[in-house]
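This briefing covers selected local features of one protein model, grouped by topic. Please consult the sequence and coordinates shown below alongside the text.

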Amino acid sequence: MRHSGIGDFIDTASCAVFLEHRRCPRHCGQLLVGKDAARHLSQECPNREEICPAGCGDRLLGYEIDDPEQHPTVCPMKRAMDAVESAIQASAVKDYRLAMEAVYAERDHARARIKARGERDPGPVFSTPGCTKRLRGLNEEGLNLLSRARLTWVIGVASLGPALA
């Protein structure tokens, strides 16, 4: 069999699917080409489903996560962590402790949401790495707040004189 060039093999070249244009299987209307398909389906598609990155345990569509006016404004975990941040900024120890209790209660609610959908229970951890990272930072700032509060109390007691010591 004699060949006159690569054009002879185009009809039988079934392995060249990376050049084939396909529409997004999630019906967003995007044309996908080869290796861009995986990136689009995992990060860009507005119809992708992900667990809320703030950690509330809800399954959200991509456009709700990407648009700051959608879910993030009503996310209970985000509101609880914002309350912790505002207590730290105000140096309010009591409010900090109450807000941290609310964060851990919301973690339990997130686990219940995940179990209710029939998905695997993540255990007593926060549902997303971003939520865990943010909470670690808040814990460090909270420990600094508690240390400052104790130091302030010690200085206040010491300033009263030896009669109360």
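R107 is placed in helix α4, where helices (H or I, at least four residues) and strands (E, at least two) are DSSP runs numbered from the N terminus. The model is predicted: local features need pLDDT of at least 70 and side-chain atom pairs count only at pLDDT 80 or more, while totals for chains, interfaces and linings use all residues. Residues are numbered from 1 along each chain as its sequence is written, and side-chain values use heavy atoms, with hydrogens and water left out.

- R107 is buried, with a relative accessible area of 16%; buried means under 20% relative accessible area, exposed over 50%, and partly exposed in between, computed with a 1.4 Å probe on protein chains only.
- A polar atom of the R107 side chain lies 3.1 Å from the backbone oxygen of P124.
- Not counting residues up to four places away in sequence, R107 touches M77, P124, V125 and F126, contact meaning heavy atoms within 4.5 Å.
- E106 also has its place in helix α4, and E106 is buried, with a relative accessible area of 9%.
- With residues up to four places away in sequence not counted, E106 touches C56, P76, M77 and R113.

- Side chains of opposite charge can pair when their charged atoms come close.
- The structure holds eleven salt bridges, each defined as a side-chain nitrogen of Lys or Arg within 4 Å of a carboxyl oxygen of Asp or Glu.
- One of them joins D58 and R113, whose closest N and O atoms are 3.6 Å apart.
- This pair links distant parts of the chain, with D58 in the loop between β3 (49-51) and β4 (59-61), R113 in helix α4, and 55 residues separating them.
- D58 is partly exposed at 24% relative accessibility, and R113 is partly exposed with a relative accessible area of 24%.
- R59 forms a salt bridge with E119, the closest N and O atoms being 2.8 Å apart.
- This pair likewise links distant parts of the chain: R59 is in strand β4 and E119 in the loop between α4 and α5 (129-159), 60 residues apart.
- R59 is partly exposed, with a relative accessible area of 35%, and E119 is partly exposed, with 26%.

- K78 is paired with D82 in a salt bridge whose closest N and O atoms are 3.1 Å apart.
- Both K78 and D82 lie in helix α3, four residues apart, about one turn of the helix.
- K78 has a relative accessible area of 28% and is partly exposed; D82, at 29% relative accessibility, also counts as partly exposed.
- A network of salt bridges links K78, D82, E85 and R134.

**Largest pocket**

- The largest pocket holds about 160 Å³ of space, a volume being the space filled by probe spheres set on grid points that are joined across faces, edges and corners.
- On a 1 Å grid over the protein atoms alone, a pocket is an open set of points where a 1.4 Å probe fits, with protein on both sides within 12 Å along at least five of seven lines; lining residues have an atom within 4 Å of a point.
- The lining of the largest pocket comprises 13 residues, of which C52, P53, A54, K78 and R134 lie nearest its centre.
- At least two lining residues come from each of α3 and α5.
- By class, nine lining residues are nonpolar, two polar and two charged; Ala, Val, Leu, Ile, Met, Phe, Trp, Tyr, Cys and Pro count as nonpolar, Asp, Glu, Lys and Arg as charged, and the others, Gly among them, as polar.

- S42 is found in helix α1 (residues 36-44) and counts as partly exposed at 41% relative accessibility.
- Leaving aside neighbours within four places in sequence, S42 is in contact with R48 and E50.
- The C-alpha atoms of S42 and G62 are separated by 9.4 Å, the two residues being 20 residues apart along the chain.
- S91 is found in the loop between α3 (76-89) and α4 (93-116), and its phi is near 55°, a positive value in a residue other than glycine.
- S91 is partly exposed, with a relative accessible area of 43%.

Conventions
A polar contact is a pair of N or O atoms within 3.5 Å; within protein, one must be able to donate a hydrogen and the other to accept it, and residues adjacent in sequence count only if both atoms are side-chain atoms.
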